[in-house]
Amino acid sequence: MTPATEVIVPVALFAMIFGIVYLSVTARHRQRMAMIDKGMDPRTLDDHNRTLKWGLLLGGVGVGLLLGHVLVLFGFVQDPENPLPYFIMTFIGGGSGLVAHHLIVRKRT
């Protein structure tokens, strides 16, 4: 790598992350201010089930990683160095957590 690349890549990465965060924060602020101007309550946008969703998603990812490790540990995979079982089981576990969240929220309403 050239010295210029060693400087440009981290600066570009930081600028990209800063830009994404800045745009999302200002867009949320504009949306809430527009709702206030129209006489609406911006608290209706708050998702009260957000912690449940994140808890089930991260729990499902954890279970998926555990199941991927079990698949490798018990020899269901020919190549133990292959990371594919971890990725597959992580996506399956995370997706099941989100489906469980949907079912729980739908049952509550």
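Mentor: Rings of Phe, Tyr and Trp are taken as a pair if their centres lie within 6.5 Å, and planes under 30 degrees apart make the pair stacked. The model here is predicted. By this rule the count comes to 2 aromatic pairs.

Trainee: What makes F14 and F18 a stacked pair?

Mentor: Their ring centres are 6.5 Å apart, with 20° between the planes. The limits are within 6.5 Å and under 30 degrees, so the pair is stacked. F14 and F18 are both in helix α1, 4 residues apart, about one turn of the helix.

Trainee: Why is the pair of F18 and Y22 called stacked?

Mentor: The centres of these rings are 6.1 Å apart and the planes stand at 15°, so F18 and Y22 meet both conditions. F18 and Y22 are separated by about one helical turn, because they are 4 residues apart in helix α1.

Trainee: Which residues do the ring pairs link into a cluster?

Mentor: The cluster consists of F14, F18 and Y22.

Trainee: Why is F18 called exposed?

Mentor: F18 has a relative accessible area of 52%, and exposed means over 50%, so F18 is in that class. F14 is exposed as well.

Trainee: Why does Y22 count as partly exposed?

Mentor: Y22 has 48% relative accessibility. Partly exposed lies between the 20% limit for buried and the 50% limit for exposed, so Y22 belongs there.

Trainee: How do you know how the chain compares with a compact globule?

Mentor: For 109 residues a compact globule would have a radius of gyration near 13 Å, whereas the chain has 21 Å. Along the principal axes, the C-alpha atoms fill a box of roughly 60 × 55 × 15 Å. Buried residues make up 17% of the chain.

Trainee: Which elements does the chain have, and in what order?

Mentor: The chain has 3 helices and 0 strands, running α-α-α from the N terminus. Of the contacts with a separation of 6 or more, 47% are between residues 24 or more positions apart.

Notes. Residues are numbered from 1 along each chain as its sequence is written. This is a predicted model: local features need pLDDT of at least 70, side-chain atom pairs count only at pLDDT 80 or more; totals for chains, interfaces and linings use all residues. Side-chain values use heavy atoms; hydrogens and water are left out. Helices (H or I, at least four residues) and strands (E, at least two) are DSSP runs, numbered from the N terminus. The radius of gyration is taken over C-alpha atoms; the globule rule is 2.2 Å times the number of residues to the power 0.38. Buried means under 20% relative accessible area, exposed over 50%, partly exposed in between (1.4 Å probe, protein chains only). Contact means heavy atoms within 4.5 Å. Rings of Phe, Tyr and Trp (its six-membered ring) pair if their centres lie within 6.5 Å; planes under 30 degrees apart count as stacked, over 60 as edge-to-face and the rest as tilted.
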